[in-house]
Amino acid sequence: MSHNDRQMNGQHHPNSILDQFELPLVKKGKQRLARLRTAWRESWEEGGFLYQRWEELFQARHASWHEVANWIKTAALFGGLSLLVLILDAAGDIASATLKGLSDVPATSAGEGSGLWGTVDHPVRVFLAGQAVHLSVAPAALYAFWQLTGLLGLVGGFFGNAGARIAWMLWGLASLAMIWSAAPAGGRAAATGLAALMWALASIFALRGLTLRPIVHNHPPQYQFSPALHLHVTTPAPTPAGDDFGDEPDNVHQLQQR
């Protein structure tokens, strides 16, 4: 037995400093765990912190926005903003991939367009190729952007988006102007008219549900006016009998007979 293991006065001396703190550390850990369990149980009891938060979350389903707790509004706004950022990031990646895929289709200025779609599409390609010479952008990129704008305007307009419908109208007018400018002189009117008819047919889906009739909203008045006639009549105070007829007994007797 070493010198440190010897017992002096019936007490054991530990071999190291770690043995001195082993028992107190275990006791402190158990006490902290017990306090955490107690606090957890108390927070779920009626009137506790977590109990109140759960009640506010349960009541938010049937309450209006102004009646919802502030922490629920903050969480909802933060979650909505985070979701919006993710959607915009994904939309940017999708749009970039779409433009890259559409750019692979060559926008040639040579060749003759065949068929109904070629009659409309070929002048657009020719016009964009001629304009791209003066710009720092490839003709294929311009043509891909033209296609993507028309597709987004058609799909967004079908679902009733006002901005997409405005983009669809501007896209159609710009397409008609490009076709009129780049189509052959002999068939310019026919190509533009054919493009206008195609655009009108596609607008059946893009402008679905749009009406030119004014929408009249008949809302009941918030304050109802109830006319009433109020008459204010001032009743004179009764006059003592002695002041008008005096104190003569004959006058009092005549008044009683009446």
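**Confidence and helix packing**

Trainee: Which elements of the protein chain have the lowest and the highest mean pLDDT?

Mentor: Happy to start there, and keep in mind that this is a predicted model. Strand S1, residues 7–8, has the lowest mean pLDDT of the chain's elements, at 47. Over residues 1–8 the pLDDT is below 50, and this stretch has 10 contacts in the model beyond near neighbours in sequence. The highest mean, 93, belongs to H6.

Trainee: What is the mean pLDDT of the protein chain?

Mentor: Residues 13–18 also stay under 50. Across the chain, 64% of residues reach 70 or more. The mean pLDDT of the protein chain is 75.

Trainee: Is H4 roughly parallel or roughly perpendicular to H6?

Mentor: The axes of H4 (residues 115–132) and H6 (residues 162–182) come within 8 Å and cross at roughly 80°. Angles of 65 to 115 degrees count as roughly perpendicular. Therefore H4 is, relative to H6, roughly perpendicular.

Trainee: How many charged residues does the contact of H4 with H6 have?

Mentor: On the H4 side, the residues include Val-120, Pro-123 and Phe-127, while Met-178 and Ser-181 are among those in H6. By class, this contact has nine nonpolar residues and one polar residue. The number of charged residues is none.

Trainee: Is the crossing of H5 and H6 left-handed or right-handed?

Mentor: H5 (residues 139–158) has its axis within 8 Å of that of H6, with a crossing of roughly 140°. That angle makes H5 oblique to H6. As for the hand, H5 passes H6 in a crossing that is left-handed.

Key. Residues are numbered from 1 along each chain as its sequence is written. This is a predicted model: local features need pLDDT of at least 70, side-chain atom pairs count only at pLDDT 80 or more; totals for chains, interfaces and linings use all residues. Side-chain values use heavy atoms; hydrogens and water are left out. Axes are lines fitted to C-alpha atoms, for helices over the stretch in contact, and angles run from 0 to 180 degrees between N-to-C directions. Helices (H or I, at least four residues) and strands (E, at least two) are DSSP runs, numbered from the N terminus. Angles under 35 degrees count as roughly parallel, over 145 as roughly antiparallel, 65 to 115 as roughly perpendicular and the rest as oblique. Contact means heavy atoms within 4.5 Å. Ala, Val, Leu, Ile, Met, Phe, Trp, Tyr, Cys and Pro count as nonpolar, Asp, Glu, Lys and Arg as charged, and the others, Gly among them, as polar. pLDDT is the predictor's confidence in each residue, from 0 to 100. A crossing is left-handed if the near helix is turned anticlockwise from the far one by less than a right angle, and right-handed if clockwise.
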